[in-house]
Amino acid sequence: MSIDCKAKTKPETLKFLCSYGGKILPRPSDGVLRYVGGLTRVLAVDRSISYAELMVKLGEFCGYSVELRCQLPDGDLETLISVKSEDELKSLIIEFDRSCPGSKIRAILSPPKSLKKISPPTSNASSIDFSPTKSFLNYHQSRSCSPPIGYKGRYSPSRRQESLCYNHQCCDYWH
């Protein structure tokens with residue numbers, strides 16, 4: 001999908017043609033990439049908008065945080081560029097003003113890749129740390145001769161623990 005560059009004026013607003021909730025897939029007939037499913041809407045913003053303000057508006061627009069990737073004026077969906085900073089947004093606007101003033105900027109919005117869903121603990125007991133590492137550290141502090149409860153790794157006591165164990169008759173476990 002190439003962008004129509006017939007308009008020659010520089011309007012006070014920028015228009016983003018935003019697609020989200022779908023996927024980029026090849027067209028079965030010729031393999032050209034196209035956006036399938038989801039929604040496509042136009043977002044008009046003031047030309048002086050900052051990157052942070054734009055990202056807030058796009059998040060409100062979609063209902064979730066998004067990553068912004070845009071199609072260059074003469075590009076296609078194979079050459080989307082990620083916009084992740086104020087400078088990159090300004091460069092994109094300059095490129096559109098130079099090549100196709102007044103045209104809509106094609107934007108593909110997607111949830112951030114680093115977005116992880118975290119479910120809350122089901123009870124208070126699940127917030128207690130029973131990890132072997134913590135138990136192992138507690139063992140060293142207590143100078144016990146037996147391995148920590150729940151520790152499943154190989155244990156090799158330090159010389160200090162070995163001498164403590166030899167001095168106490170609790171070390172048949174180790175020797």
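Which residue stands opposite Y20 in β7? In this predicted model, the residue opposite Y20 in β7 is L109. Residues are numbered from 1 along each chain as its sequence is written. Because the model is predicted, local features need pLDDT of at least 70 and side-chain atom pairs count only at pLDDT 80 or more, while totals for chains, interfaces and linings use all residues; side-chain values use heavy atoms, with hydrogens and water left out.

The protein has 4 helices and 7 strands, where helices (H or I, at least four residues) and strands (E, at least two) are DSSP runs numbered from the N terminus. Along the sequence, these elements follow the pattern β-β-β-β-α-β-β-α-β-α-α. Of the 175 residues in the protein, 29% are buried; buried means under 20% relative accessible area, exposed over 50%, and partly exposed in between, with a 1.4 Å probe and protein chains only. Among contacts (heavy atoms within 4.5 Å) with a separation of 6 or more, 57% are accounted for by residues 24 or more positions apart.

An open sheet is formed by 5 strands in the order β4-β1-β7-β5-β6, with mixed pairing; two strands are taken to pair if DSSP finds at least two bridges between them. The edge strands, β4 and β6 (80-83), each pair on one side only. On average, neighbouring strands of this sheet are turned by 35 degrees against each other, direction ignored. Axes are lines fitted to C-alpha atoms, for helices over the stretch in contact, and angles run from 0 to 180 degrees between N-to-C directions.

Strands of a sheet pair through backbone hydrogen bonds, either parallel or antiparallel. Both senses occur here. The pairing of β1 with β4 is antiparallel and extends over 8 bridges. Within this pair, L14 stands opposite V45, and K15 has A44 as its bridge partner. On the other hand, β1 and β7 run parallel and are joined by 5 bridges, with S19 opposite I108 and Y20 opposite L109. The pairing of β5 with β7 is antiparallel, over 4 bridges, and places C70 opposite A107.

In β1, 6 of the 8 residues are buried, and the strand is mostly covered. In β7, 6 of the 6 residues are buried, so the strand is largely enclosed by the rest of the structure. In a regular strand the side chains alternate between the two faces of the sheet. For β7, both faces are covered: one side carries I105, A107 and L109, the other R106, I108 and S110, and all of these are buried.

Helix α2 lies across β1, β5, β6 and β7 and runs at about 140 degrees to β6.

In soluble globular proteins, nonpolar side chains tend to be buried together. The largest nonpolar core contains 24 residues, of which F16, C18, L54, L58, L68 and L109 touch the most other members. Such a core is a set of buried Ala, Val, Leu, Ile, Met, Phe, Trp, Tyr and Cys residues joined through side-chain atoms within 4.5 Å. Two or more residues of this core come from each of β1 (13-20), β4 (39-46), α1 (51-62), β5 (67-71), α2 (86-99) and β7 (105-110). The greatest contribution is that of α1, with 6 residues. Leaving aside neighbours within four places in sequence, the contacts of L68 are L54, M55, L58, I81, S82, V83, A107, I108 and L109.

The structure holds 0 disulfides, a disulfide being a pair of cysteine sulfur atoms within 2.5 Å. For C62, the nearest cysteine sulfur is that of C18, 6.7 Å away; C62 is buried, with a relative accessible area of 13%. For C70, the nearest cysteine sulfur is also that of C18, 8.0 Å away, and C70 is buried at 0% relative accessible area.

The R47 side chain makes a polar contact with the side chain of D97 at 2.9 Å. A polar contact is a pair of N or O atoms within 3.5 Å; within protein, one must be able to donate a hydrogen and the other to accept it, and residues adjacent in sequence count only if both atoms are side-chain atoms.
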